[in-house]
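Here is a short walk through one structure, written for reading beside the model. Keep the sequence and the coordinates open while following the text.

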Amino acid sequence: MTQRIRDVMSPAAVSVEPMTTVTRAARLMREQDIGDVLVAYDCDLFGVLTDRDIVLRTVADGRDPDDTTVGSVCTPPPVVTLAPEDTTERAVELMRRYAVRRLPVVEHGGCPVGVVSLGDLAALEDCRSALADISAAAPDH
């Protein structure tokens with residue numbers, strides 16, 4: 001069933017400025033139990049930093065996370081985004097086309113207001129699916 005993104009997104013997206021260190025961003029991700037942060041300056045979305053970006057573009061490259069900024073290792077602009085009014089079908093189409101699992105939701109010229117994940121969409125399609133179960137599970141600390 002098609003729904004609007006505003007009805008399925010996670011509205012409390014965490015964002016950091018491009019000059020934030022990777023260490024600080026990683027700690028925020030741990031504290032918030034999330035796999036990504038939006039990289040924004042004021043209301044302009046600059047990029048997305050995922051846990052995978054931290055591993056591949058920082059740790060695996062031998063960069064010091066205390067000295068590396070998120071702006072230098074995040075997925076760079078242009079970032080594929082959705083608007084709150086977009087449909088879940090549009091989200092699926094963009095995720096397939098760009099091979100991404102999360103999409104920032106922006107409004108008013110690029111101001112981040114949330115994130116929609118593959119798990120959000122899976123839970124919508126079939127709340128009993130394996131992906132929906134995994135997405136809803138409590139974190140394993």
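Buried means under 20% relative accessible area and exposed means over 50%, with partly exposed in between. The model is a predicted one.

Which residue is joined to Cys-43 by a disulfide? The partner is Cys-111, with an S to S distance of 2.0 Å. The cut-off for such a pair is sulfur atoms within 2.5 Å, and by this rule the count comes to one disulfide. The link of Cys-43 and Cys-111 is left-handed, with -45° about the S-S bond. Cys-43 sits in the loop between strand 2 (36-41) and strand 3 (44-50), while Cys-111 belongs to strand 5 (residues 111-117), so the pair ties together parts that are 68 residues apart in sequence. In general, a disulfide is a covalent bond between the sulfur atoms of two cysteines.

The next stop is an arginine. Arg-90 is placed in helix 4 (residues 88-98). Its relative accessibility is 32%, so Arg-90 counts as partly exposed. When neighbours within four places in sequence are left aside, Arg-90 is in contact with Leu-82 and Arg-97.

How values were computed:
Residues numbered from 1 in each chain as written. Predicted model: local features only at pLDDT ≥ 70, side-chain atom pairs only at ≥ 80, totals over all residues. Heavy atoms only, no water. Helix = DSSP H or I, 4+ residues; strand = E, 2+ residues; numbered from the N terminus. Buried < 20%, exposed > 50% of the residue type's maximum accessible area, 1.4 Å probe, protein only. Contact = heavy atoms within 4.5 Å.
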